[in-house]
Amino acid sequence: DKQMSDTGVYRFEVRVRTHFLSEQSDVEYGPYVFAYSIEIENQGDLPAQLMTRHWVITDATDTVQEVKGEGVVGEQPVIKPGEKFEYTSGCPLPTPVGTMKGTYTFVGPDGDSFDVEIPEFVLSMPRTLH
């Protein structure tokens, strides 16, 4: 995702890793609890602050839950060019499989606000647990 401002380019890359938390899940009946680790890398030439997040979470029955909030894990980090911000959070699902996608809204040094897409990723309980 690339955005122009008068002073340069905003470019952020979002990478996701997921992990099923069997010890926090009820593998028979749910909920199924997943952890996801997100790395946000600033590949542009301007710093920006992550202000809000908006998640769209879909379970296996196509039930959609939207989550909006300030920052991530209680922080609104400023990510400078060449820096990465990493955090881990969790998501309980009523089904063993689901997807998440969303957007982060950033604000740049000159007050520009722009969205960075979080690519859709799958949350899936490993079959080996049955």
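**Strand pairing and aromatic pairs in a predicted model**

Trainee: In which sense do strand E4 (residues 48–59) and strand E5 (residues 64–70) pair?

Mentor: Strands are DSSP runs of E with at least two residues, numbered from the N terminus, and two strands pair if DSSP finds at least two bridges between them. E4 and E5 are joined over seven bridges, and their sense is antiparallel.

Trainee: What is the bridge partner of Trp-55 in E5?

Mentor: This is a predicted model, in which local features need pLDDT of at least 70, side-chain atom pairs count only at pLDDT 80 or more, and totals for chains, interfaces and linings use all residues. Residues are numbered from 1 along each chain as its sequence is written, and side-chain values use heavy atoms, leaving out hydrogens and water. The partner of Trp-55 in E5 is Val-67.

Trainee: Why is the pair of Tyr-10 and Phe-114 called stacked?

Mentor: Rings of Phe, Tyr and Trp (its six-membered ring) pair if their centres lie within 6.5 Å; planes under 30 degrees apart count as stacked, over 60 as edge-to-face and the rest as tilted. The ring centres of Tyr-10 and Phe-114 are 4.2 Å apart, and the pair is stacked because the planes stand at 25 degrees.

Trainee: How many residues apart are Tyr-10 and Phe-114?

Mentor: Tyr-10 lies in strand E2 (residues 8–20) and Phe-114 in strand E9 (residues 113–124). The pair thus links distant parts of the chain, 104 residues apart.

Trainee: Are Phe-12 and Phe-114 buried or exposed?

Mentor: Buried means under 20% relative accessible area, exposed over 50%, partly exposed in between (1.4 Å probe, protein chains only). Phe-12 and Phe-114 are both buried.

How values were computed: Helix = DSSP H or I, 4+ residues; strand = E, 2+ residues; numbered from the N terminus.
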